[in-house]
Amino acid sequence: MVETPTLLVFIATSLALAATPGPTMLLALTNGIAGGLRRAAWGIAGATLASLLLIGAVALGLGTLLAASQTVFEVLRVAGVGYLVWLGVKLWRDRPVGLAEQTAEALKRHSGGGFAADDAGAKTLAASASASASASASASASASASASASVWPECRRAFVRSATVQLFNPKALLFFSAFLPQFVDAARPQAAQYAELALVFTGLDLCVMLAYASAGMQAVRLLTARGLRAINRGCAAFMFILAAALALFRRGPA
C-alpha cells in the first residue's frame, strides 16, 4: 500500500490535474447537455475504463514501449488528432435544445390538431379542458417514451467516444508513465500500489466529470437553445485547440 503522506500528495496533485479542462471533461459537459445524466454517466464510464486500461499498461511496462517507439507514438498521435477534430466538428454542428423548447415542442406536437369543436357549449369547454390536460400528460409520456427508445444507442456512442478519446491520446499514456511511478515505492510490491493509485485517480477524475456533466444538465434547464449552442461551440473550439496542441506535440530526446 502507498504510504499516507505520499497518498495525500498524490490526491492533491491528481485533483488539480483532473479539474483542468480536457477532452473527456468537455465530453462530460456536452453529454450532460445533450442527453442528461444517463448519457453522461455512460461517457464517464468509458473514460474511466480507458484510464484504468492506460494505468494498467503503465504498470505492465507498456508506457516504456511507447516512449521508445516513435512509430507507435506517431500512429496514436495522428489518430488522436483526427478524432479530436471530428468530435469538434460534431459539437460545432450540433443543435442542442433547452428544456423549455423541448416541452413547448412536445405540447405543440400533441395538440397541433386542435380540439374538436361542437355546439355543446359548456360541455365543449369542459371537454377542451380535459383534452388540454390529457394532451399535456400525453406529451410528457410520449417524450419520455421517445427518449427511452433512442437513449441506448446514444449512451453507447457516448461510452465509445469518451473511451476512444482517452485511449488514442498518447500524451495520456506518457503522462501516466511519468506521473505514477513517482508515487510508487520500488522496494515494496508494486502491483498493489499501482492498483491503489489507479482507484484514487479514476475516482477523483470521475467526480470531476460528474461535476461537468451536472453543469451541462443545469445549462439545459436555464439556457435557451442559443445559449446551449454557444457552449457547444466553445467546447468544439477547445477540442480544435487540443487537437492542434497534440499535432504540434513533440517529445524530448529519450
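In the predicted model described here, helix α2 and helix α7 (residues 170–179) pack at an angle of about 50°, with their axes 9 Å apart, where axes are lines fitted to C-alpha atoms over the stretch in contact and angles run from 0 to 180 degrees between N-to-C directions. The two helices are therefore oblique to each other, given that angles under 35 degrees count as roughly parallel, over 145 as roughly antiparallel, 65 to 115 as roughly perpendicular and the rest as oblique. The crossing of α2 and α7 is right-handed, a term used if the near helix is turned clockwise from the far one by less than a right angle. On the α2 side the contact (heavy atoms within 4.5 Å) is made by Ser51, Leu54, Ile55, Ala57 and Val58, and on the α7 side by Ala172, Leu173, Phe176 and Ser177. These residues divide into seven nonpolar, two polar and no charged; Ala, Val, Leu, Ile, Met, Phe, Trp, Tyr, Cys and Pro count as nonpolar, Asp, Glu, Lys and Arg as charged, and the others, Gly among them, as polar.

The protein chain as a whole comprises nine helices and zero strands, helices being DSSP runs of H or I with at least four residues and strands runs of E with at least two, numbered from the N terminus. Of its 254 residues, 36% count as buried, that is, under 20% relative accessible area with a 1.4 Å probe, protein chains only.

Leu87 touches Leu27, Arg161, Val165 and Met239, residues up to four places away in sequence not being counted.

Thr24 lies in helix α2 (residues 23–59) and is buried, with a relative accessible area of 9%. Under the exclusion of residues up to four places away in sequence, Thr24 touches Ala47, Ser162, Val165, Gln166 and Met209.

Residues are numbered from 1 along each chain as its sequence is written, and side-chain values use heavy atoms, with hydrogens and water left out. Because the model is predicted, local features need pLDDT of at least 70 and side-chain atom pairs count only at pLDDT 80 or more, whereas totals for chains, interfaces and linings use all residues.

Note on methods:
Buried means under 20% relative accessible area, exposed over 50%, partly exposed in between (1.4 Å probe, protein chains only).
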